[in-house]
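Have the model open as you read.

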Amino acid sequence: LVAAAIAQRRACDEDVPLPPRDADEDVPLLPRDSDEDAPLPPRDSDKDLAKTAPSGSLPPSRTGARIVAALNFNAKRVQFSPFDENADGKLGSVYTRLTETLLARGDWDRRPALRNKATGETKLPATYSLLLGTAQGKGVPWGRLGYGIWPPPLVNYCRGFDLLTRKGKLVSTLQQAKEAANGGWPREMPKLLTAGAAVRTEKWELAPTAFVFHPSKGEANPRAALRDAYATRAVAADGKADANRWILKPSEGAKGEGICILDEIATIEEHLDKQEARAAEGETVSSWVVQRYIHNPLLLRAGHRKFDMRCWVLLAPDYSIHLYRHGVLRVASAPYQADNIGDRFAHLTNHCIAAEHAEYGKYEATNEIFYPAFDKELSERYPELALAAKGTALFGATPNEDDEAGSVLETVVLPQIRRIVVQSILAVRDRLETDGEYFQPFQLFGYDFLLDKELRVWLCEINASPAVAEELLPACVDAIIRTAIDPFCAPVDVLMATAEKAGDREVGGKAGYDERTEKAPPAERFECLFAVESASKKAAA
């Protein structure tokens, strides 16, 4: 079982690093037609479609059926089987499962979406309701998306999403948003998220102090500011060796590649000098983020191990923001050692790194812990907080009147996560939100957080194409469809006639759809954190 789980989680996150672009990260990277010059190799199923076009290897679309165009979809795979990145391509587990769920429901048909290997051009069907691009939005022809199609189609990425998902740009984005708001809250920030348990740090202290260095900029980089911050932290650390450490991360990196932890300012600057020297020799070098390292992480009792929290956040086409109620802890494989900053198995929690360790799976099959188990541990370790939470159940469920304690996760940790999620997405609203004239974007983000011993939440990074734990994937995909697709492409009841099953789950037909929609437990739903007011409501106000 462990071997099978390792194989399923081999890809870890479906984020792949974007190729290094212009060293100047201050210029927003927007996907453009010209970005599509590195096409994915055609899958066997795509080749078959290409050979038979225009006569078509798919049956004609039925009258009234919605059309999904999914790039790099492997039509030959066994429906609803575990996703294998090698065999099933770069569409990813989430959108492969989503495509199969829509088709099984009965009111959607699939049309081929193909990329020319030689030119990189994307060929789309004449009409479609939903376009699914591959990891990092590859294959989405932004410059001509939705032209001549009405109503505007949905697409599973937001143009300019990298303002949040590239490490260097995230630091710059939050700093610019803070300046634009004069240090206050972003426009339309919900009042419930600006006080109480939601705020444990300064308003814009969503992540530890960080600086972005562009190797090609030389003296323009913030060296002096870094030295000042290091000196200030040294005073606050009061001689504690582990309290003034900094983590260095390549902005374009993924899966933990290139990350190091250093504790001497001279060593940090030496690393930055090497990057500048490489750039001076004409080499394309990633920008780097130098960020204060959280020296007092909360550790799990089992194995004394470090972890991060993965949360799934859905930005809907109307710019409403939703948090999936269930989440997962991704746990390191080795015990945490404060005095050994070179042990990546102890300090980094990426699945791909943890899976390389001999003790991967010793405590949990895939080094993953789900919310209920974590909430139980929190209640046992912080009994006073559990008593204060009486009457509040995890996932917003109805509490049991006989319970003497409530959910620490729900009352202490998740309020901070909700605030950070909404604040960060509102920070880029002016640049991500569209008028819906040509296309309607939505996107699933993977937010990674770290908790310290004081149960303060810190934002680590945001992933553009997150994997979802295999155990949670079916229900999460159902919730994405209910939240980001059905309200904008209403189900066609007359076509949802036959039901299909995937294991013990009824996934097709109207009966299956209604069952999942009406009876989905709280843990299998998205919680709306921010809803955009309609024009009529604003006018009335």
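How many salt bridges does the structure hold? There are 33 salt bridges, each being a side-chain nitrogen of Lys or Arg within 4 Å of a carboxyl oxygen of Asp or Glu.

## Ground rules

This is a predicted model, where local features need pLDDT of at least 70 and side-chain atom pairs count only at pLDDT 80 or more, while totals for chains, interfaces and linings use all residues. Residues are numbered from 1 along each chain as its sequence is written, and side-chain values use heavy atoms, leaving out hydrogens and water.

## The chain overall

You'll find 17 helices and 20 strands here; these are DSSP runs (helices H or I, at least four residues; strands E, at least two), numbered from the N terminus. Of the 541 residues, 56% are buried. Buried means under 20% relative accessible area, exposed over 50%, and partly exposed in between (1.4 Å probe, protein chains only).

## Arginine 301 and its partners

Arginine 301 meets glutamate 377 in a salt bridge at 3.9 Å, N to O. Arginine 301 sits in the loop between β10 (288–292) and β11 (307–315) and glutamate 377 in helix α11 (residues 371–381), so the pair ties together parts 76 residues apart in sequence. Arginine 301 is partly exposed at 48% relative accessibility, whereas glutamate 377 is buried at 13%.

Glutamate 380 also forms a salt bridge with arginine 301, at 2.5 Å, N to O. That pair, too, links distant parts of the chain, 79 residues apart.

## Another pair, and a network

Lysine 90 bridges to glutamate 85, with the closest N and O atoms 3.0 Å apart. Elsewhere, Arg187, Glu188, Arg429, Asp430 and Glu433 are linked in a salt-bridge network.
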